[in-house]
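This report describes the fold, the surface and selected side-chain contacts of one protein chain. Please keep the sequence and the model in view while reading.

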Amino acid sequence: MILYNVVPTYPRRFKQQKRGKMKHQKDSKTTRILKHLINGNTINSVKAFNDFNTTRLSSVIKCLRDMGYNIETFYKPNSILGNYRMSWKDNKELFNKRMNY
């Protein structure tokens with residue numbers, strides 16, 4: 001029996017720059033959700049599905065947190081849905097660097 005080392009391929013959400021830094025693609029779901037959060041809005045999984053057509057909001061939030069963005073999770077009273085928010089003051093400079101503004 002021969003076993004081959006197969007590396008799974010995942011969808012690329014970010015373009016790799018020469019120096020190894022990550023750069024946002026212009027119109028990906030992750031970038032649109034990030035812009036929504038930076039503008040001071042909140043988001044939950046229902047709103048993400050309706051507005052951004054994504055069913056895996058937690059995956060997008062984890063990806064953004066891994067990139068260094070500070071995103072808070074909070075729960076409204078009598079609700080089981082997690083809501084996410086971000087203060088734009090902390091993250092706007094990081095966003096502008098990655099978008100090359």
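Y84 counts as buried, at 13% relative accessibility. Here, buried means under 20% relative accessible area, exposed means over 50%, and partly exposed lies in between, with a 1.4 Å probe and protein chains only. The model is a predicted one, in which local features need pLDDT of at least 70 and side-chain atom pairs count only at pLDDT 80 or more, while totals for chains, interfaces and linings use all residues. Residues are numbered from 1 along each chain as its sequence is written, and side-chain values use heavy atoms, with hydrogens and water left out.

Y84 belongs to strand β4. Helices (H or I, at least four residues) and strands (E, at least two) are DSSP runs numbered from the N terminus. With neighbours within four places in sequence left aside, the residues in contact with Y84 include L37, N41, T42 and I43. The list also includes L57, S58, I61 and R65, as well as I71, E72, T73 and F74. Contact means heavy atoms within 4.5 Å. The C-alpha atoms of Y84 and S45 are separated by 9.4 Å, and the two residues are 39 apart along the chain.

## Overall architecture

The chain contains four helices and four strands, which run β-β-α-α-α-β-β-α from the N terminus on. Of its 101 residues, 32% count as buried. The chain exposes about 7,700 Å², and carbon and sulfur atoms supply 50% of this area. Accessible areas come from the Shrake-Rupley method with a 1.4 Å probe; for residues, only the protein chains shown count as cover. Among contacts between residues at least 6 apart in sequence, 47% join residues at least 24 apart.

Helix α1 (residues 29-38) is mostly covered, with seven of its 10 residues buried. These buried residues are T30, T31, I33, L34, H36, L37 and I38. Just after α1, G40 takes a positive phi of about 95 degrees.

## The β3-β4 hairpin

Strands β3 and β4 run antiparallel and are joined by five bridges; two strands pair if DSSP finds at least two bridges between them. The two strands form a hairpin with six residues between them. Y75 stands opposite G82 in β4. Strand β4 is mostly covered, as four of its five residues are buried.

Which residue of the turn has a positive phi? This residue is N78, with a phi of about 60 degrees, and it is exposed, with a relative accessible area of 86%. N53 also has a positive phi of about 60 degrees although it is not a glycine. N53 is found in the loop between α2 and α3 and counts as exposed at 52% relative accessibility. Most residues other than glycine have a negative phi.

## Charged side chains

Side chains of opposite charge can pair when their charged atoms come close. A search of the whole structure finds three salt bridges, a salt bridge being a side-chain nitrogen of Lys or Arg within 4 Å of a carboxyl oxygen of Asp or Glu.

| Salt bridge | N to O distance |
|---|---|
| K47 and D51 | 3.9 Å |
| K62 and D66 | 2.9 Å |
| E72 and R85 | 2.9 Å |

The E72 and R85 salt bridge, with its closest N and O atoms 2.9 Å apart, links distant parts of the chain: E72 is in strand β3 (residues 71-75) and R85 is in strand β4 (residues 82-86), 13 residues apart. E72 is partly exposed at 39% relative accessible area, and R85 is partly exposed at 36%.

K47 and D51 are four residues apart in helix α2 (residues 45-52), so they are separated by about one helical turn. K47 counts as partly exposed at 34% relative accessibility, and D51 is partly exposed at 44%. K62 and D66 are likewise four residues apart, in helix α3 (residues 57-66), and therefore separated by about one helical turn. D66 is exposed, with a relative accessible area of 57%.

R85 has a further contact of note: its charged end sits over the ring of F74, 4.2 Å from the ring centre. A charge sits over a ring if NZ of Lys or CZ of Arg is within 6 Å of the ring centre and within 35 degrees of the ring normal.
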